[in-house]
Amino acid sequence: MTDPNKQFGSSPTHDFEVQNHGSIFLLIPLTSSARVWIDDHIGKDNGHQPMWPTVLVEHRFIADIVAGIQDDGLAVV
């Protein structure tokens, strides 16, 4: 029997990956939609961003940023 929810030949698409590195989180855009979201909502000149387009985020801000991403219909893993 075939599972209608299973996607053959591909894995689920996520727009962002979040990595926890203690006091700093990395917000990594995985799609062009994610890159546009970062450009529109965070921006390259918002603080020290040496890994752009990966965004360095302080732990106290990550929950609100992820909520905003999800509110805009993008997926985070």
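What follows is a dialogue on how terms are applied to one predicted model.

Mentor: This is a predicted model, in which local features need pLDDT of at least 70 and side-chain atom pairs count only at pLDDT 80 or more, while totals for chains, interfaces and linings use all residues. Residues are numbered from 1 along each chain as its sequence is written, and side-chain values use heavy atoms, with hydrogens and water left out.

Trainee: Why is Thr 54 called buried?

Mentor: Buried means under 20% relative accessible area, exposed means over 50%, and partly exposed lies in between (1.4 Å probe, protein chains only). Thr 54 has a relative accessible area of 13%, so Thr 54 is buried. Thr 54 sits in the loop between H1 and E3.

Trainee: Which residues does Thr 54 touch, leaving out those up to four places away in sequence?

Mentor: They are Leu 26, Leu 27, Ile 28, Pro 29 and Gln 49. Contact means heavy atoms within 4.5 Å.

Trainee: How do you know that E2 and E3 are paired?

Mentor: Two strands pair if DSSP finds at least two bridges between them. Four bridges join strand E2 (residues 24-29) to E3, and the two run antiparallel. Leu 26 has Leu 56 as its bridge partner in E3, and Leu 27 has Val 55.

Trainee: What makes E1 and E3 the edges of the sheet?

Mentor: The three strands form an open sheet in the order E1-E2-E3, with antiparallel pairing. Strand E1 (16-21) and E3 each have a single partner strand, so one side of each is left without a neighbour in the sheet. On average, neighbouring strands are turned by 25 degrees against each other, direction ignored.

Trainee: At what angles do the helices run to E2 and E3?

Mentor: Axes are lines fitted to C-alpha atoms, for helices over the stretch in contact, with angles from 0 to 180 degrees between N-to-C directions. Helix H1 (residues 32-41) lies across E1, E2 and E3 and runs at about 125 degrees to E2. Helix H2 (residues 59-71) also lies across E1, E2 and E3, at about 120 degrees to E3.
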